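Please keep the structure in view while reading.

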Amino acid sequence: MSAPVLCASEVSMVFGGLVALDSVSLELHSGQIVGLIGPNGAGKTTFFNCLTGLYVPTKGRVELSGSVLPKDPAKVTVAGIARTFQNIRLFPSMTALENVLVGRHIRTKQGPLSTLLHGPSFRHGERAARSRAQELLAFVGLSTVHDELARNLPYGDQRRLEIARALATEPTVLLLDEPTAGMNPQETEATRQLIFAIRDTGVSVVVIEHDTKFIFSLCDRVSVLVQGRLLVQGSPEEVRGDPRVIEAYLGKPPEEVAEIVEEAENE
Amino acid sequence: MNRLWTVLSGLGFAVAAMMPWVTFALNDGNYPAKSTLQFFDAPFLLTGFRLHLLVIGLLVVLFTFLPLPGRPRILRAAGWAGGLISLVNGAYITFKGGGLGAITAADGKVAFAAFVGVAAGALLIWSGAKAAPGIEFSWPERPSRWLAYLALLVSFAGLLLFVAAILTSGGGITNPYSAGQFMSFLAMAAGLIAALGATGVLRWIGELSEQHRYFSLLVMLGCALGLPFTSAGNEYWMTVAVNIGVYAATAIGLNIVVGLAGLLDLGYVAFMGIGAFVAANLSGAAAAAFDIHLPFIFAAIAAALVAGVFGAIVGSPTLRVRGDYLAIVTMAFGEIFVRSSQNNIGGLTGGSNAIPGIPPLELFGTGFQESISIGGYKLAGGVLYYVLIVLLVALVMGVFANLKDSRIGRAWIAIREDEDAARAMGIQTGRAKILAFLIGATLAGLAGAVFAHKTSSVSYESFRFTESVTLLAAVILGGMGTIPGAVLGASLLFVLPETLREFQDYRLMLFGLALVLIMRFRPQGLVADRHRRAELTTVDDPVEVAAR
C-alpha cells in the first residue's frame with residue numbers, strides 16, 4: 001500500500017491534569033474516507049484541533065505527505081488540510097460567494113500594491129478567484145444563493161457553504177466535524193453524496209459524526225475514540241460488530257452491571 | 001374621508017405660513033421682525049421657513065389628488081417636515097424671543113402659527129399613513145446609457161446645490177438667528193430626502209451609479225469641485241469644508257481599521273497628529289526642529305510614511321490582544337502621543353507653544369490661501385486648499401474602495417467576523433491586522449500634512465482623546481465600512497458645531513443625544529453598508545478567553 005497522506009502517530013494532548021487524548025494514531029490514505037466516532041467528550045474535536053495546528057500535541061506527531069505539520073493553523077491550511085467546524089463558523093455578514101473567496105485567500109497572490117493600483121494582473125486574479133468560487137458553489141449545490149448573506153442561509157446550506165469554503169483552499173485532506181448535525185434524512189443523504197463526490201476529486205476526508213449509520217455507510221475505515229483512547233479501528237463491518245463499541249455507546253448489558261454491583265457490595 | 005384630513009393638514013401648513021408667528025408686543029424684541037406680522041402688511045412676501053411651510057402645504061394638497069408612487073410615505077414625510085419646521089421655529093421663538101409671551105395675544109392679535117403648523121404636521125403624519133397608495137411605478141431597471149448619464153448628472157448637480165443650500169441656510173455667522181434657520185432648513189431637507197426616498201428615486205440613482213461607476217465617480221468629483229461656484233463659495237465655508245475634508249479623509253482611514261478589520265482604535269487621531277508634526281517640521285517654519293523646507297509633496301509623503309510606521313508599531317500589540325483590551329492599548333498610545341508632544345519630547349512638537357508659522361502652500365507662486373479668479377469669476381480665498389482636499393479625499397476613497405473589494409479587504413472582514421475561522425482559512429491574521437493599522441495610519445498622516453499647512457500652526461491640542469472619539473463617532477454615525485458614511489459622519493460632526501454656534505453650551509449634550517438615538521434606532525449608521533452590518537468589535541466569549 002502507498003504511503004499515507006495524513007499520518008498521526010501516538011498523539012497525546014494534556015490540558016493541565018486532564019488527558020484529552022492518549023496516544024491516538026490515525027492513518028489516512030489517498031482517496032480514503034475515514035470516520036471518527038465516539039461518545040460525547042471522547043476527544044474527537046480535540047484530535048481535529050491537533051490535526052489542524054490549532055493545538056500543538058503534547059506528545060506524538062502529525063505528518064502530512066511525509067512532512068511534519070507546522071504549528072500555525074494558517075500554515076497548516078497552506079500545507080493542505082482544510083476543515084469545517086462543529087458549530088458552523090462562517091463569516092455571517094459576508095455573502096456566500098465572499099465566504100468562498102476568503103477560502104481562496106491562500107491560493108491567490110495579490111499584494112497591497114497591486115490591490116491599490118487595481119492593475120490588469122489584479123483584475124485577472126480576482127476574476128479567476130471568482131469563477132473558481134462560483135464553480136465550488138455549484139459543486140456543493142449553492143450557485144443560486146451566491147449573493148445571499150451567509151447568516152441568512154438555511155442551516156443545511158450553511159453546512160454546505162462551509163464545505164465549499166474549505167474546498168476553496170485546495171486541500172489534500174478535508175476534515176469534517178459533524179457535517180450532518182441537525183440535518184433531516186434527505187439532507188444527510190445529500191451530504192453523503194457530496195462527500196463521495198469530494199473523495200472522487202482526489203481529496204481524502206476525515207469525518208467526525210455521531211450518526212453511526214451515516215458513518216458506516218460512508219467510510220472506508222472507522223476509528224472509535226473513547227475517553228481519549230483509540231478503542232477500535234477497522235472497516236465499518238469490523239467496527240459495527242465489535243462488542244466494545246456497543247458497550248461504549250450503550251453501556252454494559254444489564255446482567256454485567258448487576259455483577260459489578262454485586263462485586264462492589266461484597267467488598 | 002381620509003383625503004379630507006390630508007387636505008386639511010396641507011391647508012393648515014399654508015395657514016400657519018400666513019399667520020403671524022410673534023405678536024406686536026415682541027415685534028421690537030428679539031426675534032426677527034421678518035417673521036412676525038407680514039400677514040398684515042405684505043402677505044405674499046414670504047421667505048425662509050414660512051415659504052417652505054407654504055410650499056409644503058400646497059404640495060400636500062396637490063399630492064392628495066395626484067397618484068404618486070409611494071404616496072403614503074411621501075405625505076408622512078411632508079407631515080414630519082412641516083411639523084418639525086413649525087416645532088423648531090415655535091420653540092426658537094418661545095425660548096429666544098421672550099418665553100411663551102411670544103404666542104399670547106397682544107393688541108388683540110394672536111400668534112398661534114406654530115401651534116397650527118405642529119397640529120397640521122401631526123394630522124398629516126396620522127392621516128398620510130392611511131392615504132391610498134398611489135400608482136405602481138418602477139424605475140427603468142437598465143435605462144439607456146445616455147438616460148442614465150443624464151439622471152446621474154442631474155442628481156449629483158442637485159446634490160451639490162442641496163449641500164450648498166444647507167450650508168448657507170443659516171445665513172452665515174453674522175446672522176443672529178442662524179441656528180434656528182439652519183435647524184428649520186434641516187427639517188425641510190430631511191422631509192425632502194424622505195419623500196424622495198419614498199418614490200424610490202434615490203435607490204434608482206444608487207443603482208445607476210453602481211452600473212456606471214466610473215462615470216458617476218467623475219461626476220461626483222466634478223460636483224465636489226463645483227462647490228466654490230455655489231452660494232457656499234465664500235472663504236468661511238471653504239475653510240469649514242477643508243476641515244471637513246481633513247477629518248473625512250482621516251475617518252475613511254479609521255474606517256479601514258474599525259469598519260473593515262474590526263479593530264477598535266481609540267487613539268487614531270494621533271496618526272494624524274504625527275503626520276501634521278512631520279509636515280510642520282519639514283515646512284521651513286521658524287519653530288520647526290529641522291531647518292529644511294521640503295516641497296509639500298515630499299513632506300506629505302514623509303508624513304504619511306512616518307505615520308504608517310507608527311501605525312505598524314501600534315498595530316503589533318494587536319497580535320496578542322483582542323476586543324476591549326485592544327481598545328485600551330490604542331487609547332494608551334493616543335495618550336502617550338498627547339503627553340509626549342505636550343512636553344515637547346525630542347523637541348519636535350513645540351510643546352505648549354505649538355509649531356506656529358507654517359507657511360501656506362504655494363503653486364506657481366500663488367498662495368493657497370489667496371483668492372483666485374477663473375475666467376473673470378473671482379473665487380473665494382482658500383479655494384486651492386479646498387481643491388487639494390477634495391483630491392486627497394478622492395484619493396483616500398479610491399484606496400478604501402480598492403482595498404475593500406479585494407483579497408486583502410475580504411481577509412480583514414473575515415477577521416472581523418470570526419478570527420479563528422479566518423486563521424483556519426490560512427489567513428495570516430497578524431500580518432493582515434498590522435497592514436490595516438499601517439494603511440489606516442498612512443492615510444491619517446497624509447490628512448495631517450494638509451491640516452498642518454491649512455491651519456498654519458500645529459499643537460498637540462488638536463489631537464486629544466476627544467478628537468479620536470469624535471472621529472470614531474463620525475465613522476459609526478455615518479455607517480461603518482462605507483465611504484459615504486464616513487464622509488457624511490465627518491461632515492455632520494464638523495458642520496453642526498459651526499452652524500449651531502448659538503447652542504455651544506449644549507453642543508456636547510446634543511451630540512451625545514444624537515449618538516444615543518442613532519445607536520438605538522439605526523445601529524448600522526446613516527448610510528448602511530449595502531448588505532452587511534459591521535460589528536464594532538466581536539466581544540470575546542469570556543470562557544473562550546480564559547481557555548486561551
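The charged end of Arg89(A) lies over the ring of Phe85(A), at 5.4 Å from the ring centre; a charge sits over a ring if NZ of Lys or CZ of Arg is within 6 Å of the ring centre and within 35 degrees of the ring normal. Arg165(A) places its charged end over the ring of Phe91(A), 4.8 Å from the centre. This is a predicted model, in which local features need pLDDT of at least 70, side-chain atom pairs count only at pLDDT 80 or more, and totals for chains, interfaces and linings use all residues. Residues are numbered from 1 along each chain as its sequence is written, chains are lettered from A and ligands numbered from 1 in the order in which they are written, and side-chain values use heavy atoms, with hydrogens and water left out.

The term denotes a side-chain nitrogen of Lys or Arg within 4 Å of a carboxyl oxygen of Asp or Glu. Across the interface of chain B and chain A, 3 salt bridges are found.

The extent of this interface can be stated in two ways. In terms of contact (heavy atoms within 4.5 Å), 27 residues of chain B meet 36 residues of chain A. In terms of buried area (the accessible area, with a 1.4 Å probe, that two parts lose on being put together, summed over both), the two chains bury about 2,800 Å² between them, 58% of it on carbon and sulfur atoms. On the side of chain B, Arg407(B), Arg410(B) and Met425(B) lose the most area to chain A, together 29% of what that side buries.

Aromatic pairs form a further topic. Ring centres of Phe, Tyr and Trp (its six-membered ring) must lie within 6.5 Å; planes under 30 degrees apart count as stacked, over 60 as edge-to-face and the rest as tilted. Over all chains, 12 such pairs are found. One of them, Phe277(B) with Phe337(B), is tilted, at 6.2 Å centre to centre and 55° between the planes. These two residues are 60 residues apart. Phe277(B) is buried, with a relative accessible area of 5%, and Phe337(B) counts as buried at 10%; buried means under 20%, exposed over 50% and partly exposed in between (1.4 Å probe, protein chains only).

Methods. Helices (H or I, at least four residues) and strands (E, at least two) are DSSP runs, numbered from the N terminus.
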